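Subject: Model handover

Hello,

Here is the structure for your files. My notes come after it.

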Amino acid sequence: MRRRHRKTQADSELTCPNPQPQLIAFILMSASIREREDDDSESRSPKRTKTAKFDVVGEKSQAGHESNKAEESILPPSHILLGLGSPQTTSDGIRQLLECDVGISEYISRDLPPISGIIKQRFTDFLVNEVDLDHQVVHIKSLGFPESKKAKTASSVVAVESTDAPTREAADVQGSDTNEQAGSSKIRQSDNAVVPNLGGEKHESEVVVDDEVSWDDTFEPSLSPFLSESSIVELKKMYLDGPEPPRVNDNGWVSRVHKKSEDIELLEQDQESGLQSSDKRRGKNRDARGERGRQRGPGGRSQGSDREDHRKVLSEPIGSKATRTALHQAVRKLFRGKLESETDMSTPAGDEGSRITIKWSRRGDGRGGSRARGERAPRGEYPPYIHFTLQKTNRDTQDALAYLSRTLHVNVKDLAVAGTKDKRGVTMQRVSLRRGNKTVDDVWKAANQIGRRSVREAITQRGERGVRIADLTYRKAGLELGMLKGNEFVITLRNVQVDSMDALNLVMDSMKQKGFINYYGMQRFGTAAVPTHTIGLAFLRSDWHKAISLILQVRPGEHPDVVAAREAWLVDRDLDRALALMPRRVVAERCILESYKKQGGETRNAMGALSTIPRNLRLMYVHAYQSYVWNAIVSERIHVHGADKAVPGDLVFEEEPAGRAALSNPLDVDSDEPMAVDEQGENRNAPGKARKTPWVPPNVKTLSTDDADKYSIFDVIMPLPGRDVEYPGGPLGERYREFLRRDGLDPDNFIRKQKEYTLNGSYRKILQLPKNMSWSVLRYTDPDVALAQADEDKFLGFEPPSVVESGKFMALQINLTLGTAAYATMALRELTKTETSSHFQTELTQASEDQQFRGTAIPNAVDPDEEEITEMEK
């Protein structure tokens, strides 16, 4: 039996660029293979409308019309340079995307035997916990209802009580919440202490609106080159006094402390009665002046924090522009956005230079804290953001945020994350919400569908639709893409086959010491029949009509509603029916169809229709093409020079970038879904104004024979296509340019009339070395039994995973931490030497021996995360 299984695994291993014929036949035998990410048993549409047939790229000798045929291929024309021959298709005219199609073909330890196993067989086989900027791992601390309590004095500090539920040490608290630890700092009178509780236990903790305002020993030495001693003393006083300007007795209404407004009274009543405050505020208690009128005092003057702050500190005249720039940078670095600096415009600049003004920022506190005009919260109210922990199961990050936006009745743009997470798995991360007038109570109730179900049901049952939020806190600033250090993984490989334990440890040690090729994983290119990088190429070539054709194309294996909606438009040209059938989660297609409807059915303005697609999604296509080219050139480099050392022609950083600049690419902020950035490298995830200063590419150098031995293979970088990058030296650089030219792009000109498609490019390390890596071997028999447990399951009291010493099958559980630019599936690929595409892993699961033992374990040991959570809303 074991011998037969090993043969199946071996037959399933794909080595590009020479795929085994048996494997290709196995994968392409059916176009109705269910999508692994859907993982449900819903019947598929009986219709299988044949998609447009794309011509196959011919041999190089047919250069006369090769470019025309390549133009029509479902894959980019440069695909032929991968040495794979003609794309193979199913009888329906489509082909499943393989690793070699997106440039993934090499291994570091090709000489070592593979660890045969199945990736992501169960959702809990892939646990992901975000690591924040303070290197703290995000975990759920409580599932229960938020309990608000006002701090009574400016120095109130509420201790954190212990809990019987599974907890983490204080060091494991989320990075944006690290200052919630007991006694960490003081809170002002207007701040609130909020920590959820579960099962009647109270967990009270200080909620600090932002980092503690303190002045340490580094401030004065850092400022002394720019400011006089008296100016530093004045600045210190202004900073320690806090952002609220002092009250001035003007004998008017502005400085008077008013009684609680009706809104505040109603809010407190709502919190006591359990009703949503927003409903009452919309009721008959609103007076004739309305909401805007009540927010202003008698005489129409604004109250509280709307007082104008005239405090500022002026520098002496500074003649050097470089010195003024250095002062601006020092202020940003020391005060992290709390204070802002600008050139003083109140007095004209003299011969000695301009003065710099330093004052409290009115845009919020730090990155992501920008607010629209008039949005600053009045004194005594809650801060403008709510942060919470999101656990999602088998859902895309953007899909989960879209679901939350509908549930919470907020704009999806008001939700922000530090990075996206894998779909198939159980993932944990922090989310920020620009709350408007919502409280943590409102958000918790809405997210848990209180009213349709009870509070008790909310804290004793799994989250709705695979989504659970917890640990709600108020914050002054929102999150932005890149505000994390990486992700911690607990990955379980099922039905593992190895020659011996010594062989297994040898392979694992090799990964620990040598790392893996830092490829962009298959998630980058989508799971549908139309790869995202092909659409991205159409965008870069300004071929708008082709981009729309590819996006709207029928993809066999989709949900029946999506297939019917596509056919309603493509076949019947019935725009209204297509929109009625198209699920809301199918964003790009809906945007295009809605644009057509607004234009009265006119389809000629293709660029305009595409512009209605959310910017993040449009740029995702473009970045997928960048990733494809990067993968292909890195494979070429490893194939020619190996993965042991740096060689002449390689690129390295002259000086390792620090902070957020250390990201190899602004879009590389996590291990899964692509991120969108603008032409300055600024992300669009968080609310806030775009960075004023343009993104400056790092300095890189091309190694020569004289200095190649001074660098290691882990220093070597590869550029992503763009206008501000250097290409590798020698033949590899020319090969890079050939890829771009074959796809109709100019390697030296990535400037577009549409500025959002003007790519700066960036750099990415070609190898990734995992941190904190460990592994263990487990035994099991029933594949439905969980071998790892997510935080929510622990709080709900599900049976923890148990080791079955006499189990028929082996599992390998791997713990590791990866940086923001790494794909865990590419690490697993290095171990298993197996195709990681979702449809391929689905076939491995279906053919695995352990499937015949499903359901043989006792009921309470079966993995509860395999419920019908894939029944997505329409």
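This is a predicted model: local features need pLDDT of at least 70, side-chain atom pairs count only at pLDDT 80 or more; totals for chains, interfaces and linings use all residues.

Residues are numbered from 1 along each chain as its sequence is written, and side-chain values use heavy atoms, with hydrogens and water left out.

Cores. A nonpolar core here is a set of buried Ala, Val, Leu, Ile, Met, Phe, Trp, Tyr and Cys residues joined through side-chain atoms within 4.5 Å; buried means under 20% relative accessible area, exposed over 50%, partly exposed in between (1.4 Å probe, protein chains only). The largest such core has 109 residues, and F539, I592, L610 and I766 have the most contacts inside it. Helix α20 (residues 615-641) gives the most to this core, with 14 residues. Helices (H or I, at least four residues) and strands (E, at least two) are DSSP runs, numbered from the N terminus. A second, separate core has 26 residues, including Y403 and Y474.

Sheet. Four strands form an open sheet in the order β15-β14-β16-β17, with antiparallel pairing; two strands pair if DSSP finds at least two bridges between them. β15 (700-702) and β17 (762-765) are the edge strands, each with a single partner, so one side of each has no neighbour in the sheet. Three bridges join β14 (residues 651-653) to β15, and F653 has V700 as its bridge partner in β15.

S595. This residue lies in helix α18 (residues 587-598). S595 counts as buried because its relative accessibility is 7%. S595 touches G608, A609 and T612, leaving aside residues up to four places away in sequence; contact means heavy atoms within 4.5 Å.

Aromatic pairs. Rings of Phe, Tyr and Trp (its six-membered ring) pair if their centres lie within 6.5 Å; planes under 30 degrees apart count as stacked, over 60 as edge-to-face and the rest as tilted. By this rule there are 20 aromatic pairs. The rings of W215 and F219 have centres 4.9 Å apart and planes at 50°, so this pair is tilted. F539 and Y757 also form a tilted pair, at 5.4 Å centre to centre and 55° between the planes. This second pair links distant parts of the chain, 218 residues apart: F539 is in helix α14 (residues 532-540) and Y757 in the loop between α21 (730-742) and β17. Both F539 and Y757 are buried.

Regards
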